[in-house]
Protein chains: 2
Amino acid sequence: MTLMVRLSDCTPPGLAAFLRSQKVTPTAQRLNIAQILFTQHAHFSAEDVFNEVNKSDAVVSKATVYNTLGLFVERGLIKKVLVDPVKVFYDSNVAPHHHFYDLDSGKIQDIEPDQISLKEVPDLPDGTCLASVEVVVRVRKQ
Amino acid sequence: MTLMVRLSDCTPPGLAAFLRSQKVTPTAQRLNIAQILFTQHAHFSAEDVFNEVNKSDAVVSKATVYNTLGLFVERGLIKKVLVDPVKVFYDSNVAPHHHFYDLDSGKIQDIEPDQISLKEVPDLPDGTCLASVEVVVRVRKQ
DNA sequence: TTATAGAGTTAGACTTATTCTAAGTCTAAC
DNA sequence: GTTAGACTTAGAATAAGTCTAACTCTATAA
């Protein structure tokens with residue numbers, strides 16, 4: 001269930017098998033979206049995915065794009081990245097890593113996990129368990 | 001210009017002097033908003049500030065709330081906190097620290113700086129300089 | 001003081017990301 | 001093949017945040 005496994009076969013049948021293995025019914029729309037997400041490392045907004053998936057002949061509605069991204073997040077196939085105050089990005093790299101966010105260009109870049117790491121994880125608030133640790137390094141021109 | 005200095009005098013004249021020292025003209029609306037932000041440690045959404053400031057007799061418009069929060073961020077008096085996918089929070093604690101975000105309740109909590117810290121800052125992308133480093137530890141019930 | 005320029009504020013319209021709704025379509029299990 | 005329920009859809013709805021254009025205040029100079 002790592003990124004490598006997913007990327008090993010990005011043909012429609014390969015993606016369909018992968019989705020099935022994740023208990024996701026592989027519909028035509030989901031395959032189109034999966035193809036976009038899993039054949040390249042990038043950070044997509046919902047709008048990016050919508051534009052990309054509808055660039056060719058395929059037509060997938062906005063609602064389905066949001067539904068599918070939400071489902072994939074729920075299944076752990078992609079991760080939400082909250083770096084921009086106005087929209088959510090989605091990252092098909094679910095391995096532990098962090099992000100640069102360029103305030104001027106709005107571009108997101110991965111920070112490799114060995115490039116940054118926490119000295120210690122703080123004591124969590126009572127009655128809670130860890131969900132994720134996200135580091136965002138904001139940079140600007142110059 | 002630390003939090004301590006600011007909190008030492010939260011009377012209207014004290015706040016007015018503080019704003020003036022930060023090159024911010026102390027209007028009635030800004031004083032009302034500053035009072036809310038600087039007399040307690042908390043994380044406010046724009047809506048929180050709007051409700052709080054209009055709870056008593058004062059009436060401050062939504063536009064002014066957004067303008068003022070933006071101005072205070074620009075002047076470094078408060079910080080934006082991006083932890084929630086749908087709205088921005090503002091933190092009157094500008095000292096270096098990080099945040100817990102409870103996915104179930106939506107509550108934000110400070111992580112003291114000695115509780116977490118980075119082993120090393122990664123090499124920044126070419127042509128950029130550091131703006132900020134933000135760590136968000138997401139937790140959930142249990 | 002008072003006049004004035006420009007900074008600040010306002011209501012409400014607007015924009016934009018995201019969610020909802022209700023009706024139609026597909027999938028898969030029998 | 002039927003069928004129940006999962007999936008998709010267009011478009012309406014929601015909600016955070018921004019914009020506009022008119023009005024009001026602040027503070028500086030005379």
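**The interface of chain A and chain B**

Guide: Across the interface of chain A and chain B, two salt bridges are found in this predicted model. One of them joins the side chains of Glu134(A) and Arg138(B), with a distance of 2.6 Å from N to O.

Let us turn to the elements involved. On the side of chain A that touches chain B, strand E4 (98-102), strand E5 (108-111) and strand E6 (128-141) each supply at least two residues. The largest share comes from E6(A), with 14 residues. By class, this side of chain A has 21 nonpolar, 11 charged and seven polar residues.

Strand E6 of chain A also pairs with its counterpart in the other chain: E6(A) and strand E6 (residues 128-141) of chain B run in the antiparallel sense over 13 bridges. As one example, Thr128(A) has Lys141(B), in E6(B), as its bridge partner.

Finally, consider the extent of the contact. Chain A brings 39 residues to the contact, and chain B brings 39 residues. The size of an interface is often expressed as the accessible area lost when the parts come together. Between chain A and chain B, the buried area is about 3,300 Å², and carbon and sulfur atoms give 58% of it. Of the area that chain A buries against chain B, Leu82(A), Pro122(A) and Arg138(A) supply 16%, more than any other three residues.

Methods: Residues numbered from 1 in each chain as written. Chains lettered and ligands numbered in written order. Predicted model: local features only at pLDDT ≥ 70, side-chain atom pairs only at ≥ 80, totals over all residues. Heavy atoms only, no water. Contact = heavy atoms within 4.5 Å. Buried area = accessible area lost by both parts, 1.4 Å probe. Salt bridge = Lys/Arg side-chain N within 4 Å of Asp/Glu carboxyl O. Helix = DSSP H or I, 4+ residues; strand = E, 2+ residues; numbered from the N terminus. Nonpolar A, V, L, I, M, F, W, Y, C, P; charged D, E, K, R; others polar. Pairing = 2+ DSSP bridges.
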